[in-house]
Amino acid sequence: MIILAVYVAIFVGSFVATKFLVHKARSDYTSLKTVTFGDESAVTPNRVASVVSILTLFLIWGSFTGSKLLPSFLHAPGPFIGATELTYTLEAADGTRDDATISVVVHKHGEDVAEPTVEPGDGFAKNDVLSMASGRSTTIIFDKNDEVTRKEGAKVVAIDGKSIAPGQTINVSGSTVSLSDKGAIQFAPPLGLQMDPIWLPSPEAVASRFVDIMNEGYRGSTLLQHLGYSLFRVVVGFICGAIVGIPLGYAMGLSDWFRGWFDPIVEFMRPVPPLALIPLVIIWAGIGETGKIILLFLAALWIMAIAARSGVSGVRITKVHAAYSLGASKWQIMRHVIMPNSLPDIFTGARVAMGVCWGTVVAAELVAAERGAGMMIMVASKFQLTDIVIMGIILIGLIGFGIDILMRMAEKWLVPWKGRA
């Protein structure tokens with residue numbers, strides 16, 4: 001919630017600063033329009049907002065991971081590092097009580113710290129010392145050096161003067177202290193707001209891992225090979241889905257018989273997630289490349305069929321009547337009226353289908369894949385190599401975004417009449 005609040009605050013601040021504090025003269029066509037609300041042609045991406053959005057994401061990422069790329073004053077409060085202590089009150093079986101102090105040294109994860117020496121004290125509860133990594137919790141076996149142990153009926157009844165019983169949790173100077181069911185002390189120093197590297201590594205850690213895998217590869221293959229295999233599977237699956245789906249959509253849009261025959265199948269399969277088809281694909285096509293491509297083919301097929309059907313159904317009937325009045329044949333109407341006017345919808349469906357295929361390739365590569373970005377992510381997740389997981393997600397997103405840009409450029413070049421009456 002804190003991260004979300006920071007993101008919303010930066011968004012609102014940037015919007016206000018851009019719209020009301022920054023005044024820039026505009027000379028484009030949009031600025032001359034008297035009506036812009038509701039006009040799609042008047043809404044174009046604000047490049048300043050795009051840059052600020054990306055910088056905000058990296059700022060939040062670096063701030064809550066303690067990135068060295070940011071100055072320290074931008075870092076969120078980190079986990080406690082230093083020396084602290086807690087005093088427990090031990091009650092023996094006969095009701096007598098004694099206090100002892102546990103000195104705790106909290107250090108950075110992976111560092112070796114020499115534990116200080118402490119005097120045990122004169123009572124039956126002895127002072128002790130403990131070292132632990134920051135951002136972690138630990139169980140303190142307090143009676144390992146006490147004269148009276150839990151096996152002899154001793155129990156902790158208070159921490160720093162606060163009463164406590166097995167199963168209860170209290171806060172002591174920002175630290176969390178609780179007693180297990182067996183009476184052991186469980187201690188967790190203040191965690192702060194920064195994420196542990198095992199859950200979210202810093203940007204420079206991900207960049208470092210990217211350089212290492214680029215130079216050394218991962219599991220016997222280079223990074224380019226992993227990405228190339230994923231791209232190959234997605235492209236082949238998408239092309240096969242388009243080859244079958246587009247004619248199917250045209251047939252459903254032009255023939256009531258085809259529409260009645262295939263509409264139940266298409267509408268039934270459309271909401272079924274491709275992940276649910278993995279068991280059947282394995283049974284039918286095995287665990288090789290064929291099964292993976294079939295899964296991606298099914299992910300794209302129904303989207304392309306619906307897009308083509310929508311494109312055909314959206315053709316203005318006045319254009320068809322005009323072509324008939326000029327003596328056009330059915331093939332000429334198909335070639336010069338229906339196909340050109342349905343291409344915008346088909347391109348939109350293609351972009352959606354490509355995105356779904358990219359989202360499905362990770363699941364497709366779960367099944368006995370030796371190479372692929374999805375395989376790399378899933379194997380790394382089993383060993384909690386979060387930096388590799390995030391690196392793979394970023395690369396998949398960048399490649400998918402690049403493909404989407406290429407498809408937009410192709411649409412702009414091949415369908416220049418989109419949006420025109």
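Predicted model: local features only at pLDDT ≥ 70, side-chain atom pairs only at ≥ 80, totals over all residues.

Q: How are two packed helices described?

A: Two packed helices are described by the angle between their axes and the distance between those axes. Here, take helix H4 (residues 223-254) and helix H11 (residues 386-414): their axes come within 12 Å and cross at roughly 45 degrees.

Q: Is the crossing of H4 and H11 left-handed or right-handed, and which residues make the contact?

A: H4 passes H11 in a right-handed crossing. On the H4 side, Leu-223, Leu-227, Leu-231 and Phe-238 make the contact, and on the H11 side Met-391, Leu-395, Ile-399, Ile-403 and Met-407 do. By class, that contact has nine nonpolar residues, with no polar and no charged ones.

Q: How many cavities of 30 Å³ or more does a search of the whole structure find, and what lines the largest cavity?

A: The search finds one, and about 60 Å³ of space lies in the largest cavity. Its lining includes Ile-278, Val-281, Gly-291, Lys-292 and Ala-364. Helix H6 (278-285) and helix H7 (289-313) each supply at least two of the lining residues. By class, the lining has seven nonpolar, three polar and one charged residues.

Q: How much space lies in the second largest pocket, and which residues lie nearest its centre?

A: About 740 Å³ of space lies there. Of the 23 residues lining this pocket, Thr-65, Pro-79, Gln-194, Met-195 and Pro-197 lie nearest its centre. The lining divides into 10 nonpolar, eight polar and five charged residues.

Terms used. Residues numbered from 1 in each chain as written. Heavy atoms only, no water. Axes fitted to C-alpha atoms, helices over the stretch in contact; angles between N-to-C directions. Helix = DSSP H or I, 4+ residues; strand = E, 2+ residues; numbered from the N terminus. Left-handed = near helix turned anticlockwise from the far one by under 90°. Contact = heavy atoms within 4.5 Å. Nonpolar A, V, L, I, M, F, W, Y, C, P; charged D, E, K, R; others polar. 1 Å grid on protein atoms, 1.4 Å probe; cavity = no way out; pocket = protein on both sides within 12 Å on 5 of 7 lines; lining within 4 Å. Points joined across faces, edges and corners; volume = space filled by probe spheres on them.
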